[in-house]
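Subject: Handing over the structure we talked about

Dear colleague,

Here is the structure that I promised to pass on to you. Please open it beside this message, so that you can look at each part while you read.

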Amino acid sequence: MILFILRRLLLAIPIMIGVAIVCFSLVHLAPGDPLVSVLPPDASADLQKQLRTLYGFDRSLPEQFFGWISRAVTGDLGTSIASSRSVTTEVMKAVKNTLILAAFATLIGFFFGSLFGFVAGYFRDTLVDKAASFISVMGVSVPHYWLGMVLVIIFSAQLGWLPATGMGAGGSAAWEWDWAHMKHLMLPAITMSVIPMGIISRTVRALVADILAQEFVVGLRAKGLRDFDVFRHVVKNVAPTALAVMGLQLGYLLGGSILIETVFAWPGTGFLLNSAIFQRDLPLLQGTILVLAIFFVLLNVLVDILQTTLDPRITRG
Amino acid sequence: MSPASSATSAVTIENLRVTFAGGAAPVRAVNNVSLRVTRGETVALIGESGSGKSVTLRSLLRLHPAKKTQMSGQIEVGGRDVMAMNASELAAFRGRVASMIFQEPLLALDPVYSVGDQIIESIQRHMKVSRSEAHARALKLFEQVRIPSPERRLAAYPHEMSGGMRQRVMIALALACEPELLLADEPTTALDATVQIQILLLLRELQSRLGLSIIFVTHDIGAAVEVADRIAVMYAGEIVEEADVRTLMRAPRHPYTQALLQSRAHGSLAKGTRLATIGGAPPDLANLPPGCAFAPRCVHVEPACREGSIAIAALGPTHQARCRRTHEIVWQHTAAAKA
């Protein structure tokens, strides 16, 4: 088992190198001068050149890439142009915040998604199924920034139950496990959870329907198992795939939450990316993307390991 | 049906009808089947695909989806009225009094549980024993069905075993709670020829050792002859002929049975000889013709066959057939007579 995990991790290394190349190239392909945000409009050509040399933008792209990647493996992602702070520190702070938000959203989404999925799969083509399917299709198709604003209008503006923006009292940017932070987490997490909820519910419904149609379910009933015992078998059959989908959803939410984090002013990676893009802060931008991509790859490895452990039919090759 | 008769018979089916609704037209899969199996007896149900033999078998455990199935008639197993059971009585009955061997064990076993766990689950469901006792019993069952290195095999998953081993597991699972009645739904169809013989011999041995009653569904007459005491031939949801094996093989009286026996490949068949087949196709069960269902394909058909239902006629103490012309039809197939 340990050997298998090590093998998967080793296999992830070439993927990460590829990811680094792609994200570096993409950032440099994008138009716009990275120095425009720090340079005064009337800066002299001399000052421009000086700054360019300082940040290394005067060198060729391969040179810049190798410089960046060799420092990145030691944990140094460079310095943000806009804030002059270490990119690594900035990104890690933001990743932690996003991870908390995404994990909560995935948990909520997974819970309700599986609930709706099992109910819909078990009571196929009944009113319950239609209702559960309607909710999950809504979850996938409603624009979440819109849903976020609607929730803010209802629960913050009208009812005044929950705070509308931020992560903690007084613009706290460091997560703490207290009630104030939880209250701030509630609305963005719920808003974000509708995406995985919809997808997981559709997946689970299809899996349950597929499994219930299989001969072994008849076999289980022929053994004298009661409905609840049969349900346990169905759950164990659904679990590997459902958990894999959940893991991938968590990965998507890690990077794909720019809109929600902006609506709720959540100081996570989406928020960070947003400002990095607008300020042409190339070191911050490529650093954030790289870290997110690494998280995504690691999450995939984790899902792989989990699925292999749960489903005996997948061999540990 | 009197209670006295059920004391000696393990299974009594009276006027069983099974209709599947849900499609465009209701499918009448089983039409008025009556069958008796005595204790320790093996009865084979043979017939083509779609003749209603598996449906009859599954009816004994009431395994058909309740919503889409209409069942009528009487089913008694070991004196218990199966049709009258509620959900929890049915669950306590299945696997304990009557259990089932499926055609394709790879599909009938849960792929994500080890075979040992599945047998232990069944034992613990019906018997009040600890997990270690159940494990010991599962091990004994594996030895009984002659699975080599049983301890190791208990931990295996269905996909890790060969077809023959899987079917042995299926048999062990079916025998786990010492049932009175074993229902075998084409247990050898998915296996290759040499393994088929092994499984048939194993079934016969277990049957005589444990005093089981077996209903054995197959379309392989050879397999039926190998294990059964009595054979019932089904066509279009009806039993068309029923007799002990010897009588049925030597003197079949229903034209369908005769055609079936003629269509077997024999060792004595000379090279270049055409194998006899039954012309036409089985009738549409959603749209059965009046009269004898076999009439459209029958070589002995006369106009009266197509009108009104035909009662089953006794031809001897253990022999009955559902045909108007049984007394005129003579069996003259020399190859089959040798069998």
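What follows is a short account of what was found in it, taken part by part.

Before anything else, please keep in mind that this is a predicted model.

Chain A

Chain A holds 12 helices and zero strands, and when you read along its sequence the pattern is accordingly α-α-α-α-α-α-α-α-α-α-α-α. Its C-alpha trace spans about 85 × 55 × 35 Å along the principal axes.

The sheet in chain B

In chain B you will find an open sheet of four strands, whose order is 2-1-4-5 and whose pairing is antiparallel. The edges of this sheet are formed by strand 2 (27-38) and strand 5 (80-81) of chain B, each of which pairs on one side only.

Chain B is divided into domain 1, made of residues 3-97 + 179-338, and domain 2, made of residues 107-178. The contact between them takes 20 residues from domain 1 of chain B and 14 residues from domain 2 of chain B, while the C-alpha centres of the two domains lie 29 Å apart.

The size of an interface is often given as the accessible area lost when the parts come together. For domain 1 and domain 2 of chain B this buried area is about 1,500 Å², with 61% of it on carbon and sulfur atoms. Within domain 1 of chain B, the residues that lose the most area to domain 2 of chain B are B:R96, B:P179 and B:L202, which together account for 33% of what that side buries.

Which side chains meet in a salt bridge here? They are those of B:E205 and B:R146, at 2.9 Å from N to O, and the rule finds one salt bridge across this interface of domain 1 and domain 2 of chain B. Five residue pairs are counted in polar contact between domain 1 and domain 2 of chain B, with both residues at pLDDT 80 or more.

On the side of domain 1 of chain B that touches domain 2 of chain B, helix 3 (87-93) and helix 9 (193-210) of chain B each supply at least two residues, and the largest share, nine residues, comes from helix 9 of chain B. By class, the residues of that side of domain 1 of chain B divide into 13 nonpolar, two polar and five charged.

Where the chains meet

Between the chains, 23 residues of chain B are in contact with 19 residues of chain A, and the two chains bury about 2,100 Å² between them, 56% of it on carbon and sulfur atoms. Three salt bridges are found by the rule across the interface of chain B and chain A, and A:E215 forms a salt bridge with B:R58, where the closest N and O atoms are 2.7 Å apart. The count of residue pairs in polar contact between chain B and chain A, both at pLDDT 80 or more, is 13.

Helix 4 (105-108) and helix 5 (115-126) of chain B are the elements that give two or more residues to the side of chain B that touches chain A, and helix 5 of chain B provides the largest share, namely five residues. That side of chain B has 13 nonpolar, five polar and five charged residues.

With best wishes

Technical notes: Residues are numbered from 1 along each chain as its sequence is written. Chains are lettered from A and ligands numbered from 1 in the order in which they are written. This is a predicted model: local features need pLDDT of at least 70, side-chain atom pairs count only at pLDDT 80 or more; totals for chains, interfaces and linings use all residues. Side-chain values use heavy atoms; hydrogens and water are left out. Two strands pair if DSSP finds at least two bridges between them. Domain bounds come from an automatic or database domain assignment. Contact means heavy atoms within 4.5 Å. Buried area is the accessible area (1.4 Å probe) that two parts lose on being put together, summed over both. A salt bridge is a side-chain nitrogen of Lys or Arg within 4 Å of a carboxyl oxygen of Asp or Glu. A polar contact is a pair of N or O atoms within 3.5 Å; within protein, one must be able to donate a hydrogen and the other to accept it, and residues adjacent in sequence count only if both atoms are side-chain atoms. Ala, Val, Leu, Ile, Met, Phe, Trp, Tyr, Cys and Pro count as nonpolar, Asp, Glu, Lys and Arg as charged, and the others, Gly among them, as polar.
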